[in-house]
Amino acid sequence: MKLKLDLHPIYNRGGEIDKALREIIDEAIRKRATEVEIIPGKGSGQLKKKVLRFLDQKEIKALYHRIDKDAKNHGRLFVYFRYK
């Protein structure tokens, strides 16, 4: 199962971005999704940096397996989950 989060509608609301990211990670764990696609968009790259900082937090990092940046589209990130 793959989930998708497009951050374009809330790109300028910091608190909502963190909330949306936490919700999609919690949903992925609840539904046992293997992949979450996060779309911060291309822009100046500030939103992507914010997403990466969020994902790099110790308590969040413990929830997923790895992150990949899309080689063909720098406006997308993939977060992968592994379950036992």
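Helices α1 (residues 14-31) and α2 (residues 46-55) cross at roughly 50°. Their axes come within 11 Å. The model is predicted. Two packed helices are described by the angle between their axes and the distance between the axes.

**How α1 and α2 cross**
- The two helices are oblique to each other, because an angle that is not roughly parallel, antiparallel or perpendicular counts as oblique.
- The crossing of α1 and α2 is right-handed.

**Where α1 and α2 touch**
- On the α1 side, the contact involves Gly14, Ile17, Asp18, Leu21, Arg22 and Ile25.
- On the α2 side, their partners are Leu47, Lys50, Val51, Phe54 and Leu55.
- By class, the contact of α1 with α2 has 7 nonpolar residues, 1 polar residue and 3 charged residues.

**The buried face of α2**
- Leu47, Lys48, Val51, Phe54 and Leu55 are buried in α2.
- Seen down the axis of α2, these buried residues fall within an arc of 120°, so they line one face of the helix.

- Arg32 is found in the loop between α1 and β2.
- Its phi is positive, at about 60°, although Arg32 is not a glycine.

Terms used: Residues numbered from 1 in each chain as written. Predicted model: local features only at pLDDT ≥ 70, side-chain atom pairs only at ≥ 80, totals over all residues. Heavy atoms only, no water. Axes fitted to C-alpha atoms, helices over the stretch in contact; angles between N-to-C directions. Helix = DSSP H or I, 4+ residues; strand = E, 2+ residues; numbered from the N terminus. Parallel < 35°, antiparallel > 145°, perpendicular 65-115°, else oblique. Left-handed = near helix turned anticlockwise from the far one by under 90°. Contact = heavy atoms within 4.5 Å. Nonpolar A, V, L, I, M, F, W, Y, C, P; charged D, E, K, R; others polar. Buried < 20%, exposed > 50% of the residue type's maximum accessible area, 1.4 Å probe, protein only. Arc of directions from axis to C-beta.
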